[in-house]
Amino acid sequence: MASFRASTCPMFGSIAKHFNVSDADITWFNTLQTLAAGVCVPILAKLGDIFGHRRVLRISIITVLIGGLLVALAPSFEWALLGRVLTGPLAVWLPLEIALVHNKITGDTARKSIGLLVSALTIGAVFGTLASGLIASLVSSMTILLLVPVAITVLCVIIVYTKVPESDIRTNPKIDYIGFVGLAIFMMALLWGLRSAQGTGFGSAAAIVPLVIAAVVLVAWVLYELRVDVPAIHVRLVTSRALWPAYATSFLFGMVLFGTQTITTTFLAGNPDLVGYGFAFKPGTIALFSAGSALLAAVGASTFAYLAKPLGMRGVLVTATLLGVAANLVLIFGHDSVGLVVLSTVLSGLSGGFLLGALPALVAEVSPSDQTGIATGVYNSLKTLGGSAAGAIFGVILASFAISGTKSSSLGGYQTIWAMCAAAFIVCVFTLIFMPKPRHDLSELVAEDVSVP
C-alpha cells in the first residue's frame with residue numbers, strides 16, 4: 001500500500017508533463033484519490049464485517065490494480081483521474097488486515113502482529129520513495145514508471161488470494177443504505193471544503209459552502225443513525241467511554257502526522273540568508289530526514305506491544321503524546337540547531353510509531369468482535385480528516401506570515417504551527433486521562449455503552 005502512494009507522489013511534476021497539464025490540474029491527481037479514500041474506507045470496512053474481510057480485501061485490491069493500470073495506460077488525463085478514483089480503496093487495506101488479525105488471534109500476540117503490519121507499511125513507504133527516485137533516473141518512460149506500483153499490487157493480489165484466510169465472524173447483514181449515502185455526502189463535502197480552503201482560505205465561498213453542507217449533513221446523519229436498529233456506523237460505539245479518547249487522539253494525531261509533512265520539508269530547505277531560518281538542505285539531505293523519521297516510526301510501531309506490558313495501552317499512548325509535545329517544543333526553541341532538529345526528528349518518529357501501532361490495536365481489541373472492521377475504519381478516516389483539516393489550517397497560517405515580496409513564510413509561521421502541534425498533543429494527554437483505568441475490562445465497558453438505548 002505504501003509503495004503505491006510513495007512511488008507516485010514524488011513524480012507529480014513528471015506526471016503533469018506526461019499528460020501535458022498544468023501544476024494546478026495535477027492537484028486533482030491527489031485530490032480525487034483522497035476523496036475516494038475518504039468515502040470508501042468506512043463503507044468497505046463495514047461491508048467486510050458483513051460479508052467477510054478477506055472477500056472485501058480481495059475486491060479492493062483488484063479495484064486498486066485496475067485503477068493503477070488505468071493511470072499507467074491512460075490515453076488522456078481524464079482517464080488517469082478515473083484511475084486515481086479507483087485506487088481510493090487502497091486506504092481500507094490496513095483496517096481490513098487488522099480485522100483479519102483480530103479474528104484469528106487476540107491479546108499480546110495480536111498487538112505484536114498489528115505493530116508489524118504498521119511497521120511493514122511504514123518501511124514500504126521509505127523503500128517506495130527511494131525506489132521511485134532510482135527508477136526514475138534509470139527509466140525515461142513515464143508509462144513504465146507508473147507500471148511499477150501496478151506490479152507491486154499484482155504481488156499483493158497473489159498473496160491475498162493464496163495465503164490470507166477468511167474471517168469467520170459476521171455482523172448483522174442488514175445494510176443501512178441511507179446511512180452510507182449520508183456518510184459519503186458528509187465526507188465529500190468536508191474534504192472538498194478543506195481542499196478549497198487550502199487554496200482560497202476559509203473565508204471564501206468555495207470553502208464555506210461545502211463546509212456548511214458537511215456540518216448540516218453530519219447533524220442530520222447522527223440523529224438518523226441513533227434511531228436505526230443496524231446503523232452504518234454505530235455512533236454509541238464511537239462515543240463509548242473506552243473508545244472516544246482513542247478516536248479523538250486519532251484525529252489530533254492525524255493533524256500533526258499529515259499536516260506537517262510538507263512544512264518540515266520547506267523549513268529544512270529554507271535558506272537562512274534569505275528567509276532567516278532553515279539550513280538550505282538539498283532534496284537528498286531532506287530525504288534522509290524523512291527516511292530516518294519513517295524508520296524510527298517503524299521501530300515504534302513494532303515495539304509498542306512490549307511497552308504495553310508494563311505500561312498498559314493507555315500508558316503507551318500517553319508516553320507517545322508526551323514525546324510528540326517534546327518534539328515540537330524542541331523545534332520551537334531549537335530550530336536553529338541541526339543537532340536539536342535531529343533530536344526532534346527522533347522524538348517525532350518514535351512518537352508517531354507508537355501511536356500508529358497502539359491506536360488501531362486498541363480500537364480493534366476493545367470493539368465488538370463483529371464490528372472490528374468498521375471500528376478500525378473509523379480510526380483511519382478520522383486520522384485522514386485530521387490531516388486534511390491541518391493541511392488547510394496550516395496553509396492559511398503560513399500564508400498569513402508570508403514575507404513581503406516572496407512566497408515564503410516567516411519563522412513565526414512555522415513556530416505557530418509547531419506550537420499548535422504541541423498543543424494538540426497536550427490535548428491528547430488530557431483526553432487519554434478519561435480513558436478507563438487498566439483494571440477495567442474495556443471491551444465490557446464498550447458493550448455496556450453500546451447497549452444503552
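1. Overall size comes first. A compact globule of 453 residues would have a radius of gyration near 22 Å, and the chain comes in at 21 Å, so the two agree. Keep in mind that this is a predicted model. Along the principal axes, the C-alpha atoms take up a box of roughly 60 × 50 × 45 Å.

2. On secondary structure, the picture is quickly told: you'll find 19 helices in the chain and zero strands.

3. Now for how the chain packs against itself. Take the contacts with a separation of 6 or more: 77% of them join residues 24 or more positions apart. Of the 453 residues, 52% are buried.

4. As for the surface, the chain exposes about 19,500 Å². Carbon and sulfur atoms supply 69% of that area.

5. What about the cysteines? A disulfide is a covalent bond between the sulfur atoms of two cysteines. With a cut-off of 2.5 Å between the sulfur atoms, the count here is zero disulfides. Take Cys-40, which is in no disulfide: the nearest cysteine sulfur belongs to Cys-156 and sits 16 Å away. Cys-40 has a relative accessible area of 12%, so it counts as buried.

6. Cys-421 is in no disulfide either, and the nearest cysteine sulfur to Cys-421, that of Cys-428, is 11 Å off. Cys-421 is buried too, because its relative accessibility is 1%, and the cut-off for buried is under 20%.

Conventions:
Residues are numbered from 1 along each chain as its sequence is written. This is a predicted model: local features need pLDDT of at least 70, side-chain atom pairs count only at pLDDT 80 or more; totals for chains, interfaces and linings use all residues. Side-chain values use heavy atoms; hydrogens and water are left out. Helices (H or I, at least four residues) and strands (E, at least two) are DSSP runs, numbered from the N terminus. The radius of gyration is taken over C-alpha atoms; the globule rule is 2.2 Å times the number of residues to the power 0.38. Buried means under 20% relative accessible area, exposed over 50%, partly exposed in between (1.4 Å probe, protein chains only). Contact means heavy atoms within 4.5 Å. Accessible areas come from the Shrake-Rupley method with a 1.4 Å probe; for residues, only the protein chains shown count as cover.
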